[in-house]
Amino acid sequence: MARVAVVAGRDPLADAFVRQLRSAPGVEFCERLPHEADRLEPSMFERFDTLVYSALPPGGATMAPDVTAARALSERLVSAPLRHAIIVSSAAVYGPNHQNAGRLEETAFIADGRSDIADGWRAVERLTKQIGERSGAGPTRRAVLRPAAVLDGSDYFSRLFTGRVAVTYPGHDPTLQLLAMDDLAGAVAMVVSRNAEGIYNVAPAGGIPLKQALKLAGVTRLPLARIPQNAARGVLSRTGLAAPADQLKYLQYSWTVSGEKLRTLHGFEPSCSSAEAILGLQGTNGSGPAPPDYDEFGMDPGYIRRYCGHLFHFLHDHYWRVEIDGLEHVPAQGRGVMVGVHRGFMPFDGVMALYALVRYRDRIPRFLIHPSLTKFPFLGDFMAKLGGVMACQENGDYLLQRDELLGVFPEGIRGAFTMYKRAYTLGKFGRDEFVRFALRNRAPLLPFVTVGSAEIYPILGRIDWRWFKRYTEWPFFPITPAPFPLPTKWHTRFLAPMHIEREYGPEAADNARLVHQISLECRQRMQAAIDDMLLRRRSKFYGSIFEETKDPAGGTGARPS
C-alpha cells in the first residue's frame with residue numbers, strides 16, 4: 001500500500017490530487033506537504049514512500065514551471081527514502097513549432113531552445129531524476145506525466161477561456177488539447193496505484209481549434225499582429241499585465257500529443273473531451289448541444305464540406321474544368337495509399353483531388369504535407385482543416401490503421417517546383433516510403449495523375465536565394481510569368497489499384513529491393529498514363545481527352561458541364 005506525499009504549489013491541483021489518491025486502490029494514505037523547498041526535509045518523508053510533485057508555481061497565469069524550486073526540492077530530496085516518484089510535467093515540453101508532426105508520442109525529439117517554457121519543463125524533468133538516488137533504500141521508480149493544458153481555474157488557458165477578450169495572432173488557429181483537472185488527478189492516481197514508471201502523455205483523444213474553443217467559451221477573439229504584439233508583451237509581461245510572447249507561441253502552432261501509451265499499457269484515458277473541459281471550467285458541462293469532434297491534427301469535416309459547396313466547386317467545375325477518369329478505382333471504404341503528382345508549387349492539385357473524392361466518393365483523403373505549408377499564417381490552418389498532416393512515418397501509419405485514405409506525393413517538395421520543360425517527367429520517388437506505408441498496413445496503392453496543373457504557375461527559372469530558402473523552406477525561388485493561377489484545363493486519371501497487400505505481408509516493408517521494385521512499377525504506370533494523356537491533349541486551356549460518361553463515380557470518364 002502506497003503512502004503518498006503531494007507537493008504542489010497550486011491549491012486546486014493539489015486538492016484534486018489528494019482527493020483522488022485518498023480513494024484510489026493501493027493507497028494507504030495521502031497528505032499534502034509544503035511546496036516550499038526550504039520547509040521540506042528528508043526526515044519528513046519517513047512516513048511516505050511515494051511522492052507526487054508538480055513544479056507549477058502557485059498563482060499566476062503561467063505555463064512555465066518554477067525551475068529554481070524544482071532544483072532546490074530535488075537537492076533536498078536526493079537522500080529521501082522514496083520508492084516511487086511521480087513528476088507532473090507538461091506537454092508544453094515539446095514546444096510550439098511549425099514542424100511539430102502533431103499527435104506527438106513520448107519518444108518525440110525535444111530540442112533545446114524552442115521556447116523558454118519548453119526548456120523549463122525539460123530542466124524540471126532532468127533535475128528531478130536525482131530524487132531519492134542516494135537514499136540507500138534501493139532505486140526509486142520514476143514516472144513523468146506530460147499533461148495537455150490543464151484547466152485548473154488559474155492557469156493561462158483557464159484565464160483565456162474565462163476572460164472577456166483573448167488576444168491571439170492573426171492567421172493562426174492551432175488545434176488545442178485541453179485537460180480537465182480531475183482527469184489529470186485520475187491519471188496520477190492510476191500511476192500510483194499501478195506503481196508505474198516511464199514517461200506518459202496525458203491528453204484527451206482529439207482536440208479543438210482555438211477559434212472554436214473561444215467561441216464555445218463565449219470569449220471574443222482579438223487578433224493582433226505578431227511583431228508589435230511581441231514588442232508590447234516584452235514590456236507588459238515584466239509588470240504582470242500580460243502573458244509573455246513566449247507563452248503566446250502556444251496559440252500559434254499546434255502541439256497536440258498522443259495519449260495512446262497510457263491507454264494501452266494502463267487502460268487510462270480522460271473522461272472529458274477538450275470541449276467538455278471548457279464547459280466544465282465554466283460550470284455548464286452537460287448543457288446545450290454537444291460540441292463537434294475534431295481530430296488531433298485539426299481536420300474539420302464541416303469546413304471541408306462548406307468549401308466544397310462553393311469555392312472548391314467553382315475552381316473544380318468552372319475555373320479549371322477538371323475532367324476525371326477512373327474515380328471508381330478509389331474504394332468507397334477502407335484504407336488505401338493514394339500516390340499522386342504535385343505540380344504548380346501551390347497545393348491546388350491536392351485540393352482538387354480532395355474535392356472530387358468528397359463529392360463523388362464521400363471520402364476525405366488525408367494528404368501528407370511538407371512543414372513549409374504549416375509555417376505561414378492562414379495557409380497552415382487552411383491545410384490542417386482540410387485534413388493535411390505533417391509527413392512522417394508515425395502519422396501515415398496511424399491514419400491507415402484507422403482505415404483512411406492516405407495521400408502522398410512521393411517526389412517530395414522538389415516535385416512541386418519542377419521546371420516547366422520537365423513538368424510531365426516524373427522525378428525520383430524519394431525513399432519509397434509510400435510503398436512501406438502500404439505494405440506495413442496492408443493497403444493497396446492507388447496511383448493518380450493530373451495533366452494541366454503544371455501550367456497554372458509554369459516555372460521557367462529559379463534563383464538559389466539562401467535567405468528565401470531558409471525562411472520559406474522551399475528549395476529555391478521560382479520564376480513564373482503567371483501573376484495568378486491560370487485557368488488551364490485539367491485532366492485527372494485514377495489508375496487501377498496495385499493490390500500489393502494481397503501478394504506480400506507487412507514484413508516485406510523491410511525488403512529494400514522489393515520496395516524499390518514496387519516503387520518503380522508504380523512510377524512507370526503513372527508516367528505511361530501521363531504520356532498517353534499528353535498525346536490526347538490538343539490544348540492547354542480547353543478540350544476533353546477522356547470518353548464522356550454520365551457519372552464520374554460510376555464510369556470510366558467524365559467532363560463536368
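Reader: How many nonpolar, polar and charged residues are in the lining of the second largest cavity?
Author: In this predicted model, that lining has 13 nonpolar, three polar and three charged residues.

Reader: What is the space in the second largest cavity, and which residues are closest to its centre?
Author: The second largest cavity holds about 210 Å³ of space. It is lined by 19 residues, and L56, S90, A148, A149 and V150 are the closest to the centre.

Reader: Which elements supply at least two residues of that lining?
Author: Strand β6 (149-151) and helix α4 (156-160) each supply at least two residues of the lining of the second largest cavity.

Reader: And how many cavities of 30 Å³ or more are there?
Author: The count is five cavities of 30 Å³ or more. The largest cavity contains about 330 Å³ of space. Its lining has 26 residues, of which S254, F297, T374, G380 and A384 are the closest to its centre.

Reader: Which element gives the most to the lining of the largest cavity?
Author: Helix α14 does, with four residues. Both α14 (379-385) and β16 (389-390) supply at least two residues each.

Reader: How does the lining of the largest cavity divide by class?
Author: It divides into nine nonpolar, 13 polar and four charged residues.

Reader: Now to the open spaces. What is the volume of the largest pocket?
Author: The largest pocket has a volume of about 950 Å³. It is lined by 40 residues, and those closest to its centre are L368, I369, A391, F409 and G412. Two or more lining residues come from each of α13 (348-361), β15 (366-369), α16 (413-416) and α17 (433-440). By class, the lining of the largest pocket has 26 nonpolar, 10 polar and four charged residues.

Reader: On to salt bridges, then. How many are there?
Author: The count comes to 31 salt bridges. One of them joins the side chains of D295 and R366, with 2.8 Å from N to O. This pair links distant parts of the chain, 71 residues apart: D295 is in the loop between α10 (274-281) and α11 (301-309), and R366 is in strand β15.

Reader: Are D295 and R366 buried or exposed?
Author: Both D295 and R366 are buried.

Reader: What about E455, where is its partner?
Author: E455 forms a salt bridge with R537, and the closest N and O atoms are 3.1 Å apart. E455 sits in the loop between β18 and β19 (461-463), while R537 is in the segment after α20 (512-536), 82 residues apart. E455 counts as buried because its relative accessibility is 5%. R537 also counts as buried, at 14% relative accessibility.

Reader: Is D362 buried or exposed?
Author: D362 counts as exposed, because its relative accessibility is 55%.

Reader: One last topic, the surface. Which residues form a nonpolar patch there?
Author: I463, W465, W467, Y471 and I479 form a nonpolar patch, and together they have about 510 Å² of accessible area. Y471 belongs to helix α18 (residues 466-472) and counts as partly exposed, because its relative accessibility is 42%.

Reader: And V451, where does it lie?
Author: V451 lies in strand β18 (residues 445-451). It counts as buried because its relative accessibility is 0%. From C-alpha to C-alpha, V451 and T488 are 9.7 Å apart in space, and they are 37 residues apart in sequence.

Methods. Residues are numbered from 1 along each chain as its sequence is written. This is a predicted model: local features need pLDDT of at least 70, side-chain atom pairs count only at pLDDT 80 or more; totals for chains, interfaces and linings use all residues. Side-chain values use heavy atoms; hydrogens and water are left out. On a 1 Å grid over the protein atoms alone, a cavity is a set of points where a 1.4 Å probe fits but cannot get out, and a pocket is an open set with protein on both sides within 12 Å along at least five of seven lines; lining residues have an atom within 4 Å of a point. Grid points are joined across faces, edges and corners, and a volume is the space filled by probe spheres set on the points. Ala, Val, Leu, Ile, Met, Phe, Trp, Tyr, Cys and Pro count as nonpolar, Asp, Glu, Lys and Arg as charged, and the others, Gly among them, as polar. Patches are made of residues with over 30% relative accessible area and no salt bridge: like charges are joined within 9 Å, nonpolar side chains (Val, Leu, Ile, Met, Phe, Trp, Tyr) within 5 Å. Accessible areas come from the Shrake-Rupley method with a 1.4 Å probe; for residues, only the protein chains shown count as cover. A salt bridge is a side-chain nitrogen of Lys or Arg within 4 Å of a carboxyl oxygen of Asp or Glu. Buried means under 20% relative accessible area, exposed over 50%, partly exposed in between (1.4 Å probe, protein chains only).
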